[in-house]
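Please look at the sequence and the structure below with an eye to helix geometry and charged side-chain pairs. A short report follows them.

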Amino acid sequence: MKKFRILGILAILVIVGDFAISFTAGWQEERDSFLAGSKSARAETPALYTPEGIPVEVRPLETTILDSLRNSKMNENLPYKIDKVSVAIVPSTWSSIVFCFGAFAVLAILAGIYCLIRVLISISKRNVFIHDNVVRMRVFTYSLLAFSILNALMEWLNYIEVVKQVSLPGYEIKGFSMSEDWVSLVVIVLFTEIFAVGVKMKEEQDLTI
């Protein structure tokens, strides 16, 4: 019994800590990128638009002559290339609409994390296969899935605008790629529904006894 409670408490601390660190780091990075792009763009066209900083993966063209950096230990210049840059774009109307829905998705994610914590507390009390845990797991799983879908859609819309608006001499923009791990999301959804089926079978078995 004590082992279950200790594991539950540790899991809760890890989840909350990981979420807090990831959210803080991501927010600070986005804020710094946005402010830097906004300041640069307003200096050129003060009243036209508010740009958004978007990370973009690029690769040099075959004709591009790579720059070099000085390696003090080797005492020579070594070539380097740029793989990723952050650029300022004018967000499209669709991006703004998806961003508004994303705000609701963030609230859903917070509710999902709360439900996951409640599941861990319930497990620590050895109340595992109950209907409440099914509801909580589904709230967590599908809020995470909805947020991931909206985030992928936002990335795709921003990528389209980057291709339209940005030109980097000597480099080309790589093809679109999503940051989400869809395999893991599908596995989470699958195990959530398997858990739901298991709880239903247990309830039916209890009724027949």
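This is a predicted model: local features need pLDDT of at least 70, side-chain atom pairs count only at pLDDT 80 or more; totals for chains, interfaces and linings use all residues.

Residues are numbered from 1 along each chain as its sequence is written, and side-chain values use heavy atoms, with hydrogens and water left out.

**Helix α4**

Helices (H or I, at least four residues) and strands (E, at least two) are taken as DSSP runs and numbered from the N terminus. Helix α4 covers residues 182-208, and its 27 residues should span 39 Å at 1.5 Å a residue, which agrees with the 39 Å between its end C-alpha atoms; the expected span is 1.5 Å times one less than the number of residues. Accessibility is expressed as relative accessible area, with buried meaning under 20%, exposed over 50% and partly exposed in between (1.4 Å probe, protein chains only). By that scale, the buried residues of α4 are Leu185, Val189, Thr192, Phe195, Ala196 and Val199. Helix α3 (131-165) is included in what covers these buried residues of α4, where contact means heavy atoms within 4.5 Å.

**Salt bridges**

A salt bridge is defined here as a side-chain nitrogen of Lys or Arg within 4 Å of a carboxyl oxygen of Asp or Glu, and by this rule the count comes to three.

| Pair | Closest N to O |
|---|---|
| Glu172 and Arg59 | 2.7 Å |
| Arg138 and Glu193 | 2.9 Å |

Glu172 and Arg59 form a salt bridge that links distant parts of the chain, with Glu172 in strand β5 (residues 171-173) and Arg59 in strand β1 (residues 52-60), 113 residues apart. Glu172 is partly exposed at a relative accessible area of 34%, and Arg59 is likewise partly exposed, at 36%.

Arg138 also forms a salt bridge, with Glu193; Arg138 lies in helix α3 and Glu193 in helix α4, so this pair ties together parts that are 55 residues apart in sequence. Arg138 counts as partly exposed at 34% relative accessibility, and Glu193 is partly exposed at 25%.

Which helix holds both Lys164 and Glu161? Both lie in helix α3, three residues apart, about one turn of the helix. An α-helix has 3.6 residues a turn, so residues three or four places apart point the same way. Lys164 counts as exposed at 62% relative accessibility, whereas Glu161 counts as buried at 11%.
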